[in-house]
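Dear colleague,

I am passing on the structure we talked about, and below it you will find my notes on what turned up in it. Please read them with the coordinates open beside you.

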Amino acid sequence: MAWKSSVLVVANQTADSPELIEALRERAARGDTEFTLLLPRLPGGRSEEAGSRLEAIVAAWREAGLEAHGELGDSDPVVAVKEAWDPSRFDEVVISTLATGVSKWLQVDLPHRVERIIGTAVQHVVATAAAEPSGGDAQAAPAVRKPPAAPGLERWLGAPRRRGS
């Protein structure tokens, strides 16, 4: 029997992104590989929505030619990895995030924190969030908010001045 690698993939908004799927295809091309998507639940419940989304993403991965399974994890991705990680079950970890400046997971340094927790290297994939399907998506990424400009910079930036603040 040939050796099969088992890869734990931690992703949320980027779980069905072309960049992540391509990275997983490249990994699968190196040898027989099985992927398990660990999808953190959204804070505040909505487990049914998360479960449906997980099933749809795993189905898309399978359509892309990947051997895939999925499981829901804690809403905190660090806790989710701690609960899911088992070195007798997984050989590698891939974490997929949005780009720096947008990703909350990178703000908490998730890839490096997971490396320290599991004691092995983590592959980090930077990807884009999937396009919002028609009809809306309750799990779409929140709008990126720009920090307010320092007082007095409005004139330099050409922004209208606020009154009565």
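Asp 74 is partly exposed, its relative accessible area being 28%. Before going further, please keep in mind that this is a predicted model. Asp 74 sits in the loop that runs between strand 3 (67-73) and helix 3, and, leaving aside residues up to four places away in sequence, Asp 74 touches Pro 40, Arg 41, Val 79, Ala 80 and Glu 83. The C-alpha atom of Asp 74 is separated by 9.5 Å from that of Ala 84, the two residues being 10 apart along the chain.

**The protein as a whole**

The protein contains 6 helices and 5 strands, and, when read along the sequence, these follow the pattern β-α-β-α-β-α-β-α-α-β-α. Of the 165 residues in the protein, 36% are buried.

The 5 strands form an open sheet in the order 3-2-1-4-5, and their pairing is parallel. At the edges stand strand 3 and strand 5 (122-126), each of which has a single partner strand, so that one side of each is left without a neighbour in the sheet. On average, and with direction ignored, neighbouring strands of this sheet are turned by 25 degrees against each other.

Strand 1 (residues 5-10) pairs with strand 2 in the parallel sense over 6 bridges, and within this pairing Ser 5 stands opposite Thr 33 in strand 2, while Val 7 stands opposite Phe 35. Strand 1 is largely enclosed by the rest of the structure, because 6 of its 6 residues are buried. Ser 5, Val 7 and Val 9 point one way from strand 1, whereas Ser 6, Leu 8 and Val 10 point the other way, and all of them are buried.

Strand 2 (residues 33-40) is mostly covered as well, with 7 of its 8 residues buried. Strand 2 also pairs with strand 3, again in the parallel sense, over 7 bridges, and here Phe 35 stands opposite Ala 68 in strand 3. Helix 3 packs on the sheet, where it touches strand 1, strand 2 and strand 3, and the direction of helix 3 makes about 140 degrees with that of strand 2.

Not counting residues up to four places away in sequence, Leu 38 touches Leu 8, Val 9, Val 10, Ala 11, Glu 71, Leu 72, Gly 73, Ala 80, Val 81 and Ala 84. The C-alpha atoms of Leu 38 and Val 10 are separated by 4.9 Å, although the two residues are 28 apart along the chain.

**Helix 3 against helix 5**

The axes of helix 3 (residues 77-84) and helix 5 (residues 110-118) come within 10 Å and cross at roughly 25 degrees. That angle makes helix 3 roughly parallel to helix 5, the class in question being that of angles under 35 degrees. The crossing of these two helices is right-handed. On the side of helix 3, the residues that take part are Pro 77, Val 78, Val 81 and Lys 82, and in helix 5 they meet Leu 110, Arg 113, Val 114, Ile 117 and Ile 118. Sorted by class, this contact of helix 3 with helix 5 has 7 nonpolar residues, 2 charged ones and no polar ones.

**A backbone detail at Asp 109**

Finally, please look at Asp 109, which lies in the loop between helix 4 (104-107) and helix 5. The phi of Asp 109 is near 60 degrees, which is a positive value in a residue other than glycine. In general, most residues other than glycine have a negative phi. Asp 109 is partly exposed, with a relative accessible area of 31%.

With best wishes

Technical notes
Residues are numbered from 1 along each chain as its sequence is written. This is a predicted model: local features need pLDDT of at least 70, side-chain atom pairs count only at pLDDT 80 or more; totals for chains, interfaces and linings use all residues. Side-chain values use heavy atoms; hydrogens and water are left out. Axes are lines fitted to C-alpha atoms, for helices over the stretch in contact, and angles run from 0 to 180 degrees between N-to-C directions. Helices (H or I, at least four residues) and strands (E, at least two) are DSSP runs, numbered from the N terminus. Angles under 35 degrees count as roughly parallel, over 145 as roughly antiparallel, 65 to 115 as roughly perpendicular and the rest as oblique. A crossing is left-handed if the near helix is turned anticlockwise from the far one by less than a right angle, and right-handed if clockwise. Contact means heavy atoms within 4.5 Å. Ala, Val, Leu, Ile, Met, Phe, Trp, Tyr, Cys and Pro count as nonpolar, Asp, Glu, Lys and Arg as charged, and the others, Gly among them, as polar. Buried means under 20% relative accessible area, exposed over 50%, partly exposed in between (1.4 Å probe, protein chains only). Two strands pair if DSSP finds at least two bridges between them.
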